[in-house]
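Welcome, and thanks for taking a look at this one. Below is a short briefing to read alongside the model, grouped by topic.

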Amino acid sequence: AYISRNDYMAYLKENNIKYEYVDKNRLDKMVGGVHQGIVLDIFDYSYYTFDDIEGDFIVMLDHLTDPHNFGAIIRTCESKGIKTIIIPKDRSVLVNDTVYKTSEGAIDNVKIVMVTNLINTINKLKEMNYFVYCADMDGEDYRKVSYANKKVLVIGNEGLGISSGVKKNSDVVVGIPMKGKINSLNASVSAGILIYRMDD
């Protein structure tokens, strides 16, 4: 929905948020990209821990690196009511301005949990009766799988896919059949297809 400038200004005033009028060139330099005439300076994201995990459906990202994919996955999770996304501490995309923007505000309703080791985290989740599915091209047709009530979906790195250790420690490997000449989908598209199928 369109939000007018007057609505923005009223919100800022009602919530005692300091603001400053500047010219477009300054905004361009601040964000280094496209904006819509307003830029917010906010605190760095505060990640959640394993103890904060919530919900019967969790999404885990295995060293995803593209912030646009991350933001889109957050948005899909929020739309489906998924409360928790797990990411590794190292060699992974972090929450940044691109993730915020791509998520379209959904990040405020989803917990991003940062962990040191994905395999250890998977094993802890199994002890809590979660069933772990990882997405891979060679997996079983996702439409033919019966999904558990408590589940984790692991989405792999854009280029490398699921790491071998994560794949080995997952319960089921699921795949999306391809009919075209291109044999893989964008990570966020794959996540969207699987999330909506797994939570039917």
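Please keep in mind that the model is predicted.

**Overall picture**

- The protein has 7 helices and 6 strands.
- Along the sequence, these elements are arranged as α-α-β-α-β-α-β-α-β-β-α-β-α.
- Of the 200 residues in the protein, 40% are buried.
- Among contacts with a separation of 6 or more, 76% are between residues 24 or more positions apart.
- The protein has an accessible surface of about 12400 Å², and carbon and sulfur atoms contribute 48% of that area.

- Strand β2 covers residues 84-88, and because 5 of the 5 residues are buried, the strand is largely enclosed by the rest of the structure.
- In a regular strand, side chains alternate between the two faces of the sheet.
- In β2, Thr84, Ile86 and Pro88 point one way while Ile85 and Ile87 point the other way, and all are buried.
- On one pairing, β2 runs parallel to strand β1 (residues 57-62), with 3 bridges joining the two.
- Val59 has Ile85 as its bridge partner in β2.
- On another pairing, β2 runs parallel to strand β3 (residues 111-115), and here 5 bridges join the strands.
- Ile86 has Val113 as its bridge partner in β3.

- β1 is mostly covered, with 6 of its 6 residues buried.
- Phe57, Val59 and Leu61 face one way from β1, whereas Ile58, Met60 and Asp62 face the other way, and all are buried.
- β1 also runs parallel to β5, and 6 bridges join these two strands.
- Ile58 has Val152 as its bridge partner in β5.

**Lys151, a charged side chain to check**

- Lys151 sits in strand β5, which spans residues 151-156.
- Is Lys151 buried or exposed? Its relative accessibility is 5%, so Lys151 counts as buried, given that the cut-off for buried is under 20%.
- Beyond neighbours within four places in sequence, Lys151 is in contact with Asp56, Phe57, Ile58, Tyr130, Phe131, Tyr133, Met198 and Asp199.

**Glu78 on helix α3**

- Glu78 belongs to helix α3, and with a relative accessibility of 30% this residue counts as partly exposed.
- Which residues does Glu78 contact, leaving aside its neighbours within four places in sequence? They are Ala106, Asn109 and Val110.
- Glu78 and Val110 are 32 residues apart along the chain, and their C-alpha atoms are separated by 6.3 Å.

**A nonpolar surface patch**

- Met178, Leu185 and Val189 make a nonpolar surface patch of about 220 Å².
- Met178 is found in the loop between β6 (172-175) and α7 (187-198).
- The relative accessible area of Met178 is 34%, so this residue is partly exposed.

Note on methods:
Residues are numbered from 1 along each chain as its sequence is written. This is a predicted model: local features need pLDDT of at least 70, side-chain atom pairs count only at pLDDT 80 or more; totals for chains, interfaces and linings use all residues. Side-chain values use heavy atoms; hydrogens and water are left out. Patches are made of residues with over 30% relative accessible area and no salt bridge: like charges are joined within 9 Å, nonpolar side chains (Val, Leu, Ile, Met, Phe, Trp, Tyr) within 5 Å. Accessible areas come from the Shrake-Rupley method with a 1.4 Å probe; for residues, only the protein chains shown count as cover. A salt bridge is a side-chain nitrogen of Lys or Arg within 4 Å of a carboxyl oxygen of Asp or Glu. Helices (H or I, at least four residues) and strands (E, at least two) are DSSP runs, numbered from the N terminus. Buried means under 20% relative accessible area, exposed over 50%, partly exposed in between (1.4 Å probe, protein chains only). Two strands pair if DSSP finds at least two bridges between them. Contact means heavy atoms within 4.5 Å.
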